[in-house]
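Subject: Structure for you to look at

Dear colleague,

I am passing on a structure that I would like you to read through alongside my notes. Please open it first, and then compare what you see with the points below.

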Amino acid sequence: MWDLLNKYLTVNTTTTTTPPLPSTLDAPIETLANATVVHHFSVFDGCDDMVEGILFDLTVQTFNVVVGIPANIMVMVILIRNRHQPSTSDIFLGCLAFMDFYFGCMVPLIYLNLYYWESMKMWSAFKFSYGVKDTSGPLFLSCICLDRFVAVLCPIAFSQLKDNKYRIALSVFVLCLTFAYASAKTVGGLRDFEKVFTGEILASFTWMVFCNIAILLALKKSRGAGKDEMHPMKKKAFNMVLSILAIIVFNYLPPVALFPFQDYYPPHAFRCYVQPVGFAFVNISSSIQPLIYLSRLEKVPFLPDSCLKRWNTSKEKPDSPPVNAA
């Protein structure tokens, strides 16, 4: 009888059905009934048939590594060299260059994780760098626009606020906002968190466009009595502000135009096409901003004077009067 009971227990033990394994998307590593399922992370998850937008963003980030990192290093070197005679916006420019440099340095690690490590935990850490870029760029650019706006339209107030302690305090405040946003993005799980960036980019874009248009109008009206042409220094400032306005529109208009209508897109289309393309235009500012700053300098470190002289000559040619004009 004991033999029969043992046979019955053996049969029931060996024929017990193993429950089906859960989807690898729900659990990266799951062990059930001595079976292990490993899910390798991919940034293309959920967008396997719509990878064009993500590839476009990755291409832009590669450009930031090749061009943006050296350009931002040059900007920081120049600002350090000129620390004894700084301009009022140098603190904001330095913070912006460092944040863009940090973001560019994370891109090679992102590629390693994409094709080698395939770690979801590492990807969560990389989200912090994306949060830094999302917030630091628009906010520090807004600070630069504010500084120039006060200098041109409120010169008396500007002379009273020249002390760097005000700009240091504003920079610390912006850094706190940046790290708070980046930390929240890293943790994730917050409802409608994408709309925080949409609101921030809308407010920053509106402010920057307003400041630059006001500065342009003020410079255009500041011609001397009876003079048709603008003073050379004011003309130079006018062209500089005009180029900055063009950069702001190029970098930030796409997300401003697309992101507020998130609810009207199919979820997959927004995640795989609209969002990566919109962020790509924001990310390319890590290269464009330092290049524009360097192009306005008379001397750039690590760059031969002949290159800069050729660049300045090509810019001044259209404005030069014709030779032997009768």
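How many of the 11 residues of helix α10 (residues 285–295) are buried? Before the answer, please note that this is a predicted model, in which local features need pLDDT of at least 70 and side-chain atom pairs count only at pLDDT 80 or more, while totals for chains, interfaces and linings use all residues. Residues are numbered from 1 along each chain as its sequence is written, and side-chain values use heavy atoms, with hydrogens and water left out.

Eight of the 11 residues of α10 are buried, so this helix is largely enclosed by the rest of the structure. Here buried means under 20% relative accessible area, exposed means over 50% and partly exposed means in between, with a 1.4 Å probe and protein chains only; helices are DSSP runs of H or I with at least four residues, numbered from the N terminus. Among the buried residues of α10 are Ser285, Ser286 and Gln289.

These three residues are also in contact (heavy atoms within 4.5 Å) with Asp100, which, leaving aside its neighbours within four places in sequence, touches Asn72 and Lys133 as well. Asp100 belongs to helix α3 (residues 90–117) and is buried, with a relative accessible area of 3%. Its side chain is joined to that of Ser286 by a polar contact of 3.2 Å, a polar contact being a pair of N or O atoms within 3.5 Å, where within protein one must be able to donate a hydrogen and the other to accept it, and residues adjacent in sequence count only if both atoms are side-chain atoms.

Helix α3 is followed by Glu118, whose phi is positive, near 55°.

Turning to the cysteines, the structure holds zero disulfides (pairs of cysteine sulfur atoms within 2.5 Å). The sulfur of Cys95 lies 8.9 Å from the closest cysteine sulfur, in Cys143, which is too far for a bond. Cys95 is buried, with a relative accessible area of 18%, whereas Cys154 is partly exposed, at 34%.

Finally, a search of the whole structure finds 14 aromatic pairs, where rings of Phe, Tyr and Trp (its six-membered ring) pair if their centres lie within 6.5 Å, and planes under 30 degrees apart count as stacked, over 60 as edge-to-face and the rest as tilted. The rings of Phe261 and Tyr264 have centres 6.3 Å apart and planes at 55°, so this pair is tilted.

Best wishes

Terms used:
Helices (H or I, at least four residues) and strands (E, at least two) are DSSP runs, numbered from the N terminus.
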